[in-house]
Amino acid sequence: MRPHLAALHKDLYHCADCNYCVDAVWEEAGLAHVCATVQSHSPLVSYSGRGYLAAARAWHEGRALDLPTLAERVFTCSTCGHCETVCPIGLRPAQAGLALRAELWSEDAVPSVTRTLADNILREGNPWGLPRNIRNEWTPDASDAPAPRGELLYLPGCAAAIGHVSEARAAATLMRTAGFAVHALKGDGCCGAPLHELGRAEEAARLIATLVRRATGEMPVILSGLECAGSWARHETSLRPVQFTDWLLARLGEGALRLTPSPSVGREVALHDSCQCRNSPAQHEALQALCKRLGFTVLISANAPRHVVCCGAAGGMPAIAPESARRMAEARRAELSQVPLISADIRCVAHHRQSAPEAQVYGPAEFILTHCTLNP
Ligand code: SF4
Ligand code: SF4
């Protein structure tokens with residue numbers, strides 16, 4: 001009995017093999033490719049959602065599979081979920097991929113690089129395995145700013161705290177400029193989102209439970225990571241964290257901050273939508289509103305946010321298949337390459353900047369600090 005596969009029984013037996021989830025291109029529906037893995041890693045169907053459903057069904061029926069080959073295929077999925085968005089009959093091929101990952105863990109048949117990634121998260125609280133004690137290096141000097149408006153607990157998430165720390169530093173600067181004292185959480189660490197994507201749902205649930213317990217208190221909680229928001233949503237808690245972009249928009253509305261674009265920056269920016277916005281576009285809308293409020297003309301891909309093709313930041317791709325992940329990011333930048341790209345998903349930003357340091361891809365706070373004057 002393979003419990004993770006059995007839980008998807010209905011999906012395993014209804015695939016119509018229509019190939020939408022593999023390589024659909026349909027301009028009228030806003031579809032310009034579907035699967036980043038098929039596009040940038042391997043064109044074989046066995047690397048797609050359809051392939052994962054077929055493998056899951058075969059394994060569920062007790063057929064002998066070559067587990068190392070299956071593991072290589074299943075762990076080069078970015079878990080972006082686009083295959084599920086396009087499936088015309090509502091099947092869950094990405095969930096089949098996650099279920100296969102979970103079963104491969106139970107067979108001790110995962111690639112060594114995947115094991116290292118999971119160990120990094122469990123041991124040091126971040127996917128890079130960097131020392132836990134650097135987590136809060138973004139923290140501002142608390143001594144030099146009054147805080148007439150209140151106090152905030154800022155949980156940047158792994159990408160902003162470690163992968164691209166200039167975003168967390170910039171966000172903290174903006175919060176302080178708006179009149180808030182910004183606190184780091186003692187013992188802050190990964191919320192479990194990347195572990196969940198690796199098929200380790202139970203350990204991921206333990207990480208978010210620990211984080212929520214530590215963060216529960218008097219202060220409002222601000223997040224920068226969109227994948228972190230997913231972890232919080234999976235966990236039952238009355239604590240309602242606020243995404244940084246939403247928080248910033250509200251402060252601009254109150255007049256707590258005034259931001260003016262520098263004369264040297266152009267007047268066009270492009271949104272880099274995250275797969276996290278695919279089925280829940282609130283952050284797509286918030287970032288668009290923020291850019292417009294700053295006076296920028298906002299360029300948006302014709303397929304955004306529902307049908308963007310993953311940039312390769314998620315699912316462990318940058319560690320497991322770095323060259324393919326780099327090609328995925330390059331393909332995304334090629335869509336709108338003439339102007340600065342802004343993303344509400346700092347994991348995407350970190351991935352772009354780590355795979356191409358010269359890339360003009362920014363988180364909202366870093367973009368503002370780089371290209372705007374504060375309180376002119
Ligand atoms: S989740 Fe994304 S990368 Fe994985 S199979 Fe589906 S479309 Fe491809
Ligand atoms: S999972 Fe859905 S989209 Fe993919 S081949 Fe099967 S029916 Fe078509």
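Trainee: Into which domains is the protein chain divided?
Mentor: Before the answer, two conventions matter: residues are numbered from 1 along each chain as its sequence is written, while chains are lettered from A and ligands numbered from 1 in the order in which they are written. In this predicted model local features need pLDDT of at least 70 and side-chain atom pairs count only at pLDDT 80 or more, whereas totals for chains, interfaces and linings use all residues, and side-chain values use heavy atoms, with hydrogens and water left out. The bounds come from an automatic or database domain assignment, and they give domain 1 (3–110), domain 2 (132–250) and domain 3 (257–374).

Trainee: How much area do domain 2 and domain 3 bury between them?
Mentor: The centres of domain 2 and domain 3, taken over C-alpha atoms, are 20 Å apart, and 23 residues of domain 2 are in contact with 30 residues of domain 3, contact meaning heavy atoms within 4.5 Å. Buried area is the accessible area (1.4 Å probe) that two parts lose on being put together, summed over both. Of the area buried here, 71% is on carbon and sulfur atoms, and the total is about 2,200 Å².

Trainee: Which residue forms a salt bridge with Arg 347?
Mentor: A salt bridge is a side-chain nitrogen of Lys or Arg within 4 Å of a carboxyl oxygen of Asp or Glu, and 2 of them are counted between domain 2 and domain 3. For Arg 347, the closest N and O atoms of the pair are 2.7 Å apart, and the partner is Glu 197.

Trainee: Which element gives the largest share of the side of domain 2 that touches domain 3?
Mentor: Helices (H or I, at least four residues) and strands (E, at least two) are DSSP runs, numbered from the N terminus. The elements that give two or more residues to this side of domain 2 are helix H10 (158–163), helix H11 (165–177), helix H14 (226–234) and helix H15 (244–254). The largest share, 7 residues, comes from H11.

Trainee: In which order do the strands of the open sheet that holds S3 and S5 stand?
Mentor: Two strands pair if DSSP finds at least two bridges between them; strand S3 (residues 150–155) and strand S5 (residues 221–223) pair in the parallel sense over 3 bridges, with Tyr 154 opposite Ile 222 in S5. S3 also runs parallel to S4, joined by 4 bridges, and there Gly 150 stands opposite Phe 180. The 4 strands of this parallel open sheet follow the order S4-S3-S5-S6. Strand S4 (180–183) and strand S6 (242–243) each have a single partner strand, so one side of each is left without a neighbour, and the edges are S4 and S6.

Trainee: Which residue does a cis peptide bond join to Pro 305?
Mentor: Most residues other than glycine have a negative phi, and most peptide bonds are trans. Pro 305 has its place in the loop between S9 and helix H17 (317–320). The omega of the cis bond is about -10°, and the residue joined to Pro 305 is Ala 304.

Trainee: What is the phi of Thr 79?
Mentor: Thr 79 lies in the loop between helix H6 (67–74) and helix H7 (82–86). Its phi is a positive value in a residue other than glycine, near 55°.

Trainee: How many residues apart are Glu 103 and Arg 2?
Mentor: The structure holds 18 salt bridges, and in one of them the side chains of Glu 103 and Arg 2 meet (3.4 Å, N to O). Glu 103 is in helix H8 and Arg 2 in the segment before helix H1 (3–6), so that the pair links distant parts of the chain, 101 residues apart.
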